[in-house]
Amino acid sequence: MQMRRLGRGGPLVSALGLGCMGYGSYDEGESLGTIAKALDLGVNFLDTAESYGGGENERLVGRALQGRRDQVVLATKFGASPEGPKGRPEYVRRACDQSLARLGVDHIDLYYQHRVDPTTPIEETVGAMADLVRAGKVRWLGLSEASAATIRRAHAVHPIAALQTEYSLWTRDAETEILPVVRDLGIAFVAYSPLGRGFLTGKFDAPDDLPQGDGRRRHPRFQGDNFAANRARLAGIDRVAGKHGVTRAQVALAWVLGRGDDVIPIPGTRRVRYLEENLAAIDLRLDAEDLATLDEALPPGAALGDRYPEGSLRWIDR
């Protein structure tokens, strides 16, 4: 397994992590088996959050780690709720204790603020997070979907090891301000949804292919004319995939992996066969011709439609 450093002075993690958001809402045995297989294959970076499944996701990940805790750099997150982000110091302390209990561990390796709370100065939130480090409950700190200015303010209070933000061939917003800032500060960039919430795999031909009740149906990029226009742009990925004899998913992941050794994608899957397919992308090298083809098909800003429903956009890049 190729390894990458989680910020300056942080731990080495597998070049590809495993996003566990979907685990717990489906077959538990399959979910536990996939996590176990990921660990067997050298994946040591697992990502969950208190908000996933109302805490059930953390409980499942905790069960998966029984007897294998020392093999994993465990990340979880606090502060995302339907009512809005939460970042008050008292909430930070309470949320950490609750996550530790659900996970069944004595410390969290990487603790993120899931969304920045606009009602609480970031200095207060990160100050409380730093107290958790001093107490031995947390080892490294992270932020998610924070703006460049917020990242700098947070880092001035306590070193931030990782910034987690959406990044893929059809979500390249971070290239303008976020990536330059985290690189200036020595912060790792953890890319969630590197497969565009599954869209870049090409498995969906029309919006109705999404299961009823699937949250992606509310995302503008998956709706109506936007869907058709975005689907047409996958032709560039198909050309590169055909050239190398690989899948669309592998091309999309290889592109993210190739953005720098400080970029760590965390695709999620509940199935071992997709896990193995994703991991094979680590060995795929895209050449200059491939990159030009992908840039032409999916340049920054090419995707039609916002990446979140309107109500969620206000908590992005805060």
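Let me begin at one pair of residues: Tyr112 stands opposite Gly142 in strand S7. Strand S7 covers residues 138–144, and strand S6, residues 108–113, pairs with S7 in the parallel sense over five bridges. Two strands pair if DSSP finds at least two bridges between them. Helices (H or I, at least four residues) and strands (E, at least two) are DSSP runs, numbered from the N terminus.

A word on the source. This is a predicted model, in which local features need pLDDT of at least 70 and side-chain atom pairs count only at pLDDT 80 or more, while totals for chains, interfaces and linings use all residues. Residues are numbered from 1 along each chain as its sequence is written, and side-chain values use heavy atoms, with hydrogens and water left out.

Returning to S7, five of its seven residues are buried, so the strand is largely enclosed by the rest of the structure. Buried means under 20% relative accessible area, exposed over 50%, and partly exposed in between (1.4 Å probe, protein chains only).

On to the next strand. S7 and S8 run parallel and are joined by three bridges; Leu143 has Leu163 in S8 as its bridge partner. From S7 the chain crosses through H5 to S8, and this β-α-β crossover is right-handed: with the strands pointing away from the viewer, the path from the first strand over the helix to the second runs clockwise.

Finally, His158 lies in the loop between helix H5 (148–157) and strand S8 (162–166). His158 is buried, at a relative accessible area of 17%. Beyond its neighbours within four places in sequence, His158 is in contact (heavy atoms within 4.5 Å) with Val126, Ala130, Val133 and Leu141.
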